[in-house]
Amino acid sequence: MGRNTRKRRTPLATKAIAASAALALGGGGLIWANFYASAHESDNQSWGGNQTKAATAQVATISCPDVGQKLTNVPAQARTEVAGELANLDRQITDAYQRLATTRDAQARDASFVQNSILQPLQDRRKAILDRIRLEITRVGGTAPSSLDTLATCTAQNANQTTAGGQQQNGGQQQGGQQQGGQQQNGGQQQGGQQQNGGQQGQNGQQGNIGGQAGNGPVAADFVDITKVQANVKAKPRAGRNASTGSFTTRCGVNANKNHNTDNVIVAPGVANGAHHLHDYVGNQKVNAFSSNQTFLQAATSCQNQSDLSSYYWPVVRVQDGTQDFDQNADGGGKEGNVGRILTPVQAQIKYVGSPRSKVVSMPQFLRIITGDAKTTTNGLANANAHWSCTGFENKVQLTTQYPICPQGSKVVRTFAFQSCWDGQNVDSANHRTHVAFADANGNCQNGFKAIPQLTMRLVYNITPPTIQNGQVKNAYAVDGFPEQLHKAATDHDDFISVTKNGLANKIANCVNRGQNCS
């Protein structure tokens with residue numbers, strides 16, 4: 001969906017983009033080696049069997065500071081250009097990770113290869129873009145963070161340094177502010193705990209990878225048998241005298257019409273493939289990198305309530321069973337390590353609920369909210385808001401850093417509870433976070449923020465349970481993501497743009513405030 005073009009940039013920006021593209025092999029295309037069998041397997045063995053183990057010291061991924069999250073005070077006049085430069089940073093990381101994934105032999109021969117041939121050139125290219133971000137901010141009278149220069153340096157992470165599985169702490173769903181499900185701890189198991197699906201013999205020796213059908217995850221430690229996880233769901237805050245106890249359900253389908261693209265109009269407006277992974281879209285049917293508020297108002301909607309033109313979109317889930325989908329040779333798909341068969345949810349419930357402490361105000365038109373963090377593998381879990389469970393277990397166990405292996409007859413469930421406090425002024429912010437917030441543990445909005453109807457989403461999937469054999473996961477499933485994020489469960493996230501007509505936003509708030517259940 002959308003045009004495969006980028007908005008016009010300055011000559012300086014064009015030079016930097018060309019420099020960034022020089023990192024990519026094969027003329028800029030991301031060429032992924034799918035290691036279906038190791039040297040110790042027969043040619044006809046299916047994907048997911050026993051495979052040669054990679055070296056424990058192997059560099060798993062590249063960790064770069066998330067510049068966008070540091071930019072909390074970008075003047076409105078500079079945000080479009082800054083967003084474009086942030087997208088360039090993402091592209092640089094993608095290119096550098098691709099080089100990391102396709103030079104395993106060179107890395108094995110030269111201990112300094114990663115630093116000298118990947119990280120140092122990446123740092124130099126990042127510095128050029130950070131300088132342009134500073135210029136864009138100061139050009140319109142803003143002040144760039146003094147620490148901007150320190151964000152150029154990226155580091156290599158070994159397999160046992162990336163966050164993955166482990167014990168879930170404080171895992172229940174909450175409407176309140178410790179993010180839906182509270183703070184998650186990294187826990188004991190690390191991504192590299194069970195060693196990764198190993199490589200394929202080449203002329204120059206063994207070329208390893210980090211597990212998964214495309215060599216970038218997931219691994220066995222990213223999965224857990226949900227029947228063996230202790231209950232971790234906390235009780236919701238008790239409703240106070242002024243609580244808004246109603247709900248409003250909007251039925252927008254499951255994206256059966258396969259409305260997909262790899263853009264993200266919130267984070268990277270005007271940039272094709274700005275997400276580097278594929279999204280499902282329900283609700284508004286005309287959302288891509290080049291959409292505007294006016295575009296949204298003129299679009300059709302998949303919602304039964306034709307006054308709901310909001311956009312609800314999330315990264316797709318794929319089963320890595322050796323098959324490929326329509327985008328196996330496309331940006332954001334197989335060219336960037338997002339491989340396997342795309343699954344359509346069998347259910348997608350979208351519901352707005354109230355506050356346990358107060359009445360809510362209507363959502364403003366064009367409010368944008370992102371919940372969760374697509375880069376938790378390198379950012380850590382501070383903004384994680386992924387919740388994975390199984391039907392029959394949702395009120396007992398919610399997982400953030402692992403995917404559940406569900407028992408026979410149970411379905412996989414992804415749930416999201418968006419930020420429910422709004423600053424009362426802005427429909428977006430420079431880092432797409434500070435204009436909204438989670439309520440505190442008691443359900444109160446802080447710092448003068450106002451309670452708004454809380455958007456909740458529940459996505460249900462039919463997935464044949466993966467199996468773990470000899471430390472390897474067979475027929476894994478995973479959420480799409482940036483290639484360097486290794487398909488970790490914690491990277492799950494959800495995006496929303498509020499677009500309504502005929503007074504629907506007020507109807508939702510009034511229904512919730514009156515304690516009614518509407519649709």
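Is Glu136 buried or exposed? At 13% relative accessibility, Glu136 counts as buried. The legends below take you through several close-ups of this predicted model, and the first one starts with that very residue.

Figure 1. Look at how the two partners sit: Arg139 has 54% relative accessibility and counts as exposed, whereas Glu136, at 13%, counts as buried.

Figure 2. A salt bridge joins Lys375 to Asp90, with 2.6 Å between the closest N and O atoms. This pair links distant parts of the chain, 285 residues apart. Lys375 is found in the loop between β13 (368–372) and α7 (376–379), while Asp90 is in helix α3 (residues 79–101). Both ends are tucked away: Lys375 is buried, with a relative accessible area of 15%, and Asp90 is buried too, with 12%. Now turn to the aromatic neighbour of Lys375: this lysine lies over the face of Phe482, at 5.0 Å from the ring centre.

Figure 3. How many salt bridges does the count come to? The count comes to 12 salt bridges. One of them brings together the side chains of Asp331 and Lys335, at 3.4 Å from N to O. Asp331 is partly exposed, with a relative accessible area of 37%, and Lys335 also counts as partly exposed, at 23%. Elsewhere, salt bridges link Asp131, Arg134 and Asp149 into a network.

**Figure 4. Cys252 and Cys303 form a disulfide.** The sulfur atoms of this pair are 2.0 Å apart. The torsion about their S-S bond is about 90 degrees, so this disulfide is right-handed. Cys252 sits in the loop between β6 (247–250) and β7 (260–261), and Cys303 in the loop between α6 (293–298) and β9 (311–315), so the bond ties together parts that are 51 residues apart in sequence. Both Cys252 and Cys303 are buried.

**Figure 5. Cys421 is joined to Cys445 by a disulfide.** Here, too, the distance from S to S is 2.0 Å. Which hand does this one have? The torsion about the S-S bond of Cys421 and Cys445 is about -85 degrees, so the disulfide is left-handed. Cys421 lies in strand β17 (residues 421–422) and Cys445 in the loop between β18 (436–437) and β19 (450–451), so the pair connects parts that are 24 residues apart in sequence. Cys421 is buried, with a relative accessible area of 1%, but Cys445 is partly exposed, with 23%.

**Figure 6. A disulfide links Cys511 and Cys518.** Their sulfur atoms are 2.0 Å apart. With a torsion of about 105 degrees about the S-S bond, the disulfide is right-handed. Cys511 is buried, with a relative accessible area of 1%, whereas Cys518, at 21%, counts as partly exposed. To place these views in the whole picture, note that the structure holds five disulfides. If you number the bonded cysteines of the chain in sequence order, you get the pairing 1-2, 3-4, 5-6, 7-8, 9-10.

**Figure 7. Aromatic rings gather around Trp388 and Tyr477.** The count of aromatic pairs comes to nine. Among them is the pair of Trp388 and Tyr477, which is tilted: the centres are 6.3 Å apart, with 50 degrees between the planes. Ring pairs link Phe223, Trp388, Tyr403 and Tyr477 into a cluster.

**Figure 8. Lys396 lies over the face of Phe393.** The distance here is 5.6 Å from the ring centre.

Methods:
Residues numbered from 1 in each chain as written. Predicted model: local features only at pLDDT ≥ 70, side-chain atom pairs only at ≥ 80, totals over all residues. Heavy atoms only, no water. Disulfide = S-S within 2.5 Å. Helix = DSSP H or I, 4+ residues; strand = E, 2+ residues; numbered from the N terminus. Buried < 20%, exposed > 50% of the residue type's maximum accessible area, 1.4 Å probe, protein only. Salt bridge = Lys/Arg side-chain N within 4 Å of Asp/Glu carboxyl O. Phe/Tyr/Trp six-rings, centres within 6.5 Å; stacked < 30°, edge-to-face > 60°. Lys NZ or Arg CZ within 6 Å of the ring centre and 35° of its normal.
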